[in-house]
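Dear colleague,

I am passing on the structure we spoke about, and my notes on it follow below. Please read them with the coordinates open beside you.

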Amino acid sequence: MKNAGFVLVDVLIALFLWATGFSALYGLTEGAIQNSREALVMTEAANLAQNLLEQLSARPWTQNFTEGKCLPGSEVKGSEQGLQWSVKSEWESENVLLKVTAQVTWLKKGYPSTYTLTTLYCVQ
């Protein structure tokens, strides 16, 4: 009968250790899921910025200018897939090199985060 108390203490210690290990694993899993969500949004932002610049470069620049898709010295804004985007452009040298910047913004934990992609195009 004297050993019966030790079994109860052993079970309680085992349950405590199991609960502690489970809590640690849950915390790690929750952090991993949050990091993967942030990586997914960052990837979507990068893809959107790249697609914006590819769409501009696929068309003649005069057509982009007349349709208002890209206006040197100004900014064009829009939204897609829950992300806010803007395309800014400015001449780098005498109407030959055009610097185009695509910026994508989203909210991360209530604060804005941005992804910026800039490139130069030779416009002739």
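**Notes on the model**

Asn51 is partly exposed, with 39% relative accessible area, where buried means under 20%, exposed over 50% and partly exposed in between, using a 1.4 Å probe and protein chains only. This is a predicted model, in which local features need pLDDT of at least 70 and side-chain atom pairs count only at pLDDT 80 or more, while totals for chains, interfaces and linings use all residues. Residues are numbered from 1 along each chain as its sequence is written, and side-chain values use heavy atoms, with hydrogens and water left out.

Asn51 is found in helix 1, helices being DSSP runs of H or I with at least four residues and strands being runs of E with at least two, both numbered from the N terminus. The C-alpha atom of Asn51 is separated by 9.6 Å from that of Ala102, although the two are 51 residues apart along the chain.

**The nonpolar core**

The largest nonpolar core holds 20 residues, of which Leu53, Leu56, Trp61, Trp85, Val100 and Val104 touch the most other members; such a core is a set of buried Ala, Val, Leu, Ile, Met, Phe, Trp, Tyr and Cys residues joined through side-chain atoms within 4.5 Å. Two or more residues are given to this core by each of helix 1, strand 2 (83-93), strand 3 (97-108) and strand 4 (111-122), and helix 1 supplies the largest share, six residues. If neighbours within four places in sequence are left aside, Trp61 is in contact (heavy atoms within 4.5 Å) with Leu56, Cys70, Leu98, Val100, Tyr121 and Val123.

Asn64, which lies in helix 2 (residues 61-66), counts as buried at 1% relative accessibility. With the neighbours within four places in sequence again set aside, Asn64 is in contact with Leu56, Arg59, Lys69 and Cys70.

**Salt bridges**

A search of the whole structure finds two salt bridges, the term meaning a side-chain nitrogen of Lys or Arg within 4 Å of a carboxyl oxygen of Asp or Glu. In one of them the side chains of Glu38 and Lys108 meet at 3.8 Å, N to O; Glu38 lies in helix 1 and Lys108 in strand 3, so this pair ties together parts that are 70 residues apart in sequence. Glu38 is partly exposed at 26% relative accessible area, and Lys108 is partly exposed at 36%. The side chains of Glu67 and Arg59 also meet in a salt bridge, at 2.2 Å, N to O, and here Glu67 counts as partly exposed at 43%, while Arg59 is partly exposed at 25%.

**The strands**

Gly78 has Trp85 in strand 2 as its bridge partner. These two strands form a hairpin with two residues between them, and Gln81 in the turn has a positive phi of about 55 degrees.

Strand 3 and strand 4 pair in the antiparallel sense over 12 bridges, with Trp106 standing opposite Ser113 in strand 4. Strand 3 and strand 4 likewise form a hairpin with two residues between them, where Lys109 in the turn has a positive phi of about 55 degrees.

With best wishes

Note on methods:
Pairing = 2+ DSSP bridges.
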